[in-house]
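Colleague: I am new to this one. Please show me the model, and then let me ask about it.

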Amino acid sequence: MKVGVLTGGGDCPGLNAVIRAVSRRLFARGHDVIGIREGWRGLVDGRFEPLGPREVSGLLPRGGTILGTSRTNPYRVDGGVDAVLEHFRAEGLDALVAIGGEDTLGVGARLYAEHEFPVVGVPKTIDNDLSATDYTFGFDTAVFICTEAIDRLHTTAESHNRVMVVEVMGRHTGWIAVMSGIAGGADMILIPEQPVSIEDACKEIRHRHDRGKDFSIVVVSEGYELEGIADEGDVDEFGHVRLSERGVGAQLASQIEQQTGFETRVTVLGHVQRGGSPTPRDRVLATRYGLKAAELVHAGSFGRMAALHGDQIVDVSLEEATAELKRVPDDWFEVARAFFG
Ligand code: F6P
């Protein structure tokens, strides 16, 4: 078989590790691998590059993606889907491994349902918001980076008796905020799934200060709903607004300072969370996902996605994986809440 591989959506540590694992297993099974440039855009435009053992060597620890990525949605491009199908056929491809989050894999699910397009998915995103898998790769690295930042902010917060607001990514779910907040010992965590009001958050901060603690760390998810902040601005081809533009961290910091009288600063971690080398856990997860995806292709099991259930790598339908967002359940938030105030 001639198998295409693409990486779509926001980049994420571990993408290259998946490309390596998929390719190595496909080579071992006697197949050829073709890299597709910049996600679905590469299939719309017909941009390919063959991947051989040399091209996939040394990729395991490397951040980003050697194939490039984009947020192109062929369903939003004039003639986009026809172009995808035509370039796929003309290149002589027999199967596609799509490595991406809900948007990239959502396109794959739809192409499979509507055109029996031979696609297999691998769940990528620092946001960990994809259903039907316990964890996406890239998430552990993002949590590691945020936790380290929170640790560093602790020492400066303590020295200055300040409230430190840390804004993290995660889009419409609070996975990164909750996990890094628990790991970093945050005194308050605000996420989209739990509508804690600013008043209640300030009450907890005051309570903490009454107990003799002169500083506080507040972790806020970029998608937290703050009164007075609107989702305005450009939307991408999947209909997402750029949440970093809302400035939730800065607004929150100013409201906390006003309501508590405590000096407050904000740190927005931004794309640092997506950069650099994957953690060992993400390298291993990405590798296991890549091998599974290659085996699914080899077996002709299309419309499926590699997934983690407990400690097992399994496969699930792309449809199920992209049907809805996986939100932070209450019991995870309860773990975090035990240390508020
Ligand atoms: O989905 C990954 C993610 O990093 C989100 O957490 C964030 O909202 C978004 O991508 C940022 O996108 P961009 O890289 O286009 O600014």
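Colleague: Which residues surround the ligand?

Modeller: This is a predicted model, where local features need pLDDT of at least 70, side-chain atom pairs count only at pLDDT 80 or more, and totals for chains, interfaces and linings use all residues. Residues are numbered from 1 along each chain as its sequence is written, and side-chain values use heavy atoms, with hydrogens and water left out. A residue counts as near if one of its heavy atoms lies within 4 Å of the molecule. The ligand is surrounded by Arg71, Ile126, Asp127, Met169, Gly170, Arg171, Glu222, His271 and Arg274.

Colleague: How far from an oxygen atom of the ligand is the polar side-chain atom of Glu222?

Modeller: A polar contact is a pair of N or O atoms within 3.5 Å. Arg71 places a polar side-chain atom 2.8 Å from a ligand oxygen. For Arg274, an N or O side-chain atom is also 2.8 Å from a ligand oxygen. For Glu222 the value is 2.5 Å.

Colleague: How much of the ligand's area does the protein bury?

Modeller: Accessible areas come from the Shrake-Rupley method with a 1.4 Å probe. Alone, the ligand exposes 400 Å². The protein buries 83% of that.

Colleague: Which strands stand at the edges of the sheet?

Modeller: Strands are DSSP runs of E, at least two residues, numbered from the N terminus; two pair if DSSP finds at least two bridges between them. Four form an open, parallel sheet in the order 7-8-6-9. Each edge strand has a single partner, so one side is left without a neighbour in the sheet: these are strand 7 (188-190) and strand 9 (264-268).

Colleague: Which residue in strand 8 is the bridge partner of Met188?

Modeller: Strand 7 and strand 8 (residues 216-221) run parallel, joined by three bridges. The partner of Met188 is Val218.

Terms used:
Polar contact = N/O pair within 3.5 Å; in protein donor to acceptor, adjacent residues only side chain to side chain.
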